[in-house]
Amino acid sequence: MIRMTNISKIYDNGIVANNNAFIEIFAGEIHALAGENGAGKSTLMKILYGLEKPTSGKIYLNDHEVMITSPLVANSLGIGMVHQHFMLVNELTVAENVFLGKEITKNLMIDYKKMTESVNELAEKFGMSIHPEEIVGNLSIVQKQKVEILKALARKAKILILDEPTAVLTPQETQEFFKQLELLKKQGYTIIIITHKLNEIKQICDRITIMRNGKFIGMYDVKEISEAEISKLMVGRDVIHEIKKTEIEPGAIVLAVNHLTKIVSGGKIVLNNISFSCKQGEIVCLCGVEGNGQRELIDIMTGFDQDYSGNILLNGINIAKKSIKQIRDMGESHIPEDRTLFGVDLSSSIADNLISTSLNDVSNGIFINKKRVEEVSQDGIHSYQIKCEDATQKVNMLSGGNMQKVVVARETKKIPSLLVANQPTRGVDVGAIEFIHKKIINLCHHQTAVLLVSSDLTEVFSLADRILVFYAGNIVANITNVKEITEEELGLYMLGLKRMDEVKYE
Ligand SMILES: Nc1ncnc2c1ncn2[C@@H]1O[C@H](COP(=O)(O)OP(=O)(O)OP(=O)(O)O)[C@@H](O)[C@H]1O
Ligand SMILES: [Mg+2]
């Protein structure tokens, strides 16, 4: 159905994102596009969607050469795309977003009723539940993703490009999402999916194309290639998939959360009398389906939200009424869940982002020591293999995974007392996951206490010393024998179908 040949893309700043790349997609298949961070996957798909102009190369649709000069042209050819970082207008409703720029009109007026109905019809056809009149800003990530997909479907896309759609989903949500994809496939849709999750490729994809350094490495039948082979082709070496945390005798209590309660307007209790602690060298993992209080807890822990009862002690000192900066100065690091919103300043350089939380280390209080900035940023770039031209490059020009590496590099540069790591490996490639896991374990050997929030169960099982399961604002299980518990059992706790009688937190 689609063939892209000899595609090269050199960005204005000279970065070669695609180098003679090739991809071939069969009608009606689910095709995986894989490769390490910065390999050029998003760029290749943006070219197919008319968002980027290739420096050279040709695109064929059903054997006819096509010039896809804009997303409008792509839409007219039946190609739709859901981006790695969503492109929705938060202030508008679901229906308004779905039909943005393609509003249904009647007598020159926007026919809002018709748009609402159409969204309902579409959603029903593809087995998604969504309220057309809800304001998009109020939606959860899963819901927002549905809006993006509906947007493409409403534009009559028959070929859907999905850039890391599952990076933001929990395992349960991913399975729901895959059901929708299967349904689309049954109805004759063609799907291209970019993902770093090899088990997902094995589960849902028919064929896979692997890229490295902007180049085409190979195309394979998914049935005939193993996960280990895929990762080797991606990064060019063997990757250790599960770095196990070694037993470390926990030290003193670093974090003590006591009777924490958070009630939101309307009286809903989102955190109900939560108590737990985290010790030096210990990794405590907060598990739960999204919306069960984990986010609110992290917001409070990091000083973003100060409206709660109960108290939180960091090395014995109450963090109440302390600002985000004061809490950081007390030794808390934070890898936030949403990198583009809270993790980086997109319009600043890599160097500025890397030093932004430790100005004292690179200045004498008045002047910034440029040499020191250079050292710190080179160190971050090298140790995390951030794929960039140099440290002055703006962060918004980095690939998604490389942006994440900037955040992790900054937050783990100094040894923190407490590391709050919220989805630390979201969107990073298998090689970088290995590196980040080693880094976190290494911090534990230097007495850092780690609070990990992750929806990646492989990550949870390889890193966690203890798992606290959140359900409806309560801790329903404190799992100390992580090695013995199965994914199924953890799932039962997460879904609220099982709880420990008396949860002991220490
Ligand atoms: N707008 C841009 N201007 C300049 N360089 C860019 C731009 N967008 C991407 N790049 C560079 O092009 C290369 C490929 O980026 P791309 O986003 O296609 O990678 P990717 O394979 O999608 O990676 P990831 O898995 O991290 O999302 C990277 O080196 C990136 O820094
Ligand atoms: Mg990408």
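Helix axes are lines fitted to C-alpha atoms over the stretch in contact, and the angle between two axes runs from 0 to 180 degrees between N-to-C directions. In this predicted model, the axes of helix α4 (residues 112–125) and helix α5 (residues 141–154) cross at roughly 100° and come within 10 Å of each other. An angle of 65 to 115 degrees counts as roughly perpendicular, and α4 and α5 are therefore roughly perpendicular to each other.

**Overall chain**

- The chain has 18 helices and 22 strands.
- For 506 residues, a compact globule would have a radius of gyration near 23 Å, and the 23 Å of this chain agrees with that.
- Taken along the principal axes, the box filled by the C-alpha atoms is roughly 70 × 55 × 50 Å.
- Buried residues make up 45% of the 506 in the chain.
- Among contacts with a separation of 6 or more, 69% join residues 24 or more positions apart.

**Helix pairs**

- Two packed helices are described by the angle between their axes and the distance between the axes.
- On the α4 side of the contact with α5 are Ser118, Val119, Leu122 and Ala123, and these meet Leu150, Leu153 and Ala154 in α5.
- The residues of this α4–α5 contact comprise 6 nonpolar and 1 polar, with no charged residue.
- Helix α15 packs with helix α16 (residues 430–445) at an angle of about 10°, their axes lying 12 Å apart.
- That angle makes α15 roughly parallel to α16, since angles under 35 degrees are counted in that class.
- From α15, Gly401, Lys405, Val408 and Thr412 take part in the contact, meeting Ala432, Ile436, Lys439 and Leu443 of α16.
- The α15–α16 contact is made up of 4 nonpolar, 2 polar and 2 charged residues.

**Surroundings of ligand 1**

- Ligand 1 is surrounded by 20 residues, of which the closest are Ala17, Ser42, Thr43, Ser399 and Gly401.
- By class, the shell around ligand 1 divides into 12 polar, 6 nonpolar and 2 charged residues.

**Leu490**

- Leu490 is in helix α18 (residues 487–494).
- Because 21 other C-beta atoms lie within 10 Å, Leu490 is buried; the cut-off for this class is 20 or more.
- Leaving out residues up to four places away in sequence, Leu490 touches Cys287 and Ile485.
- Leu490 and Ser118 are 372 residues apart along the chain, and their C-alpha atoms are separated by 39 Å.
- Ser118 is one of the α4 residues that meet α5.

**Residues with positive phi**

- Most residues other than glycine have a negative phi.
- Asn6, which is not a glycine, has a positive phi of about 50°.
- Strand β1 (residues 2–10) contains Asn6.
- Asn6 counts as partly exposed because 14 other C-beta atoms lie within 10 Å, a number between the limits of 12 or fewer for exposed and 20 or more for buried.
- Asn20 also has a positive phi, near 55°, and is a residue other than glycine.
- Strand β2 (residues 16–25) contains Asn20.
- Asn20 has 14 C-beta neighbours inside 10 Å and so counts as partly exposed.

Methods. Residues numbered from 1 in each chain as written. Chains lettered and ligands numbered in written order. Predicted model: local features only at pLDDT ≥ 70, side-chain atom pairs only at ≥ 80, totals over all residues. Helix = DSSP H or I, 4+ residues; strand = E, 2+ residues; numbered from the N terminus. Parallel < 35°, antiparallel > 145°, perpendicular 65-115°, else oblique. Contact = placed C-beta atoms within 7 Å. Nonpolar A, V, L, I, M, F, W, Y, C, P; charged D, E, K, R; others polar. Rg over C-alpha atoms; globule rule 2.2 N^0.38 Å. Near = placed C-beta within 6 Å.
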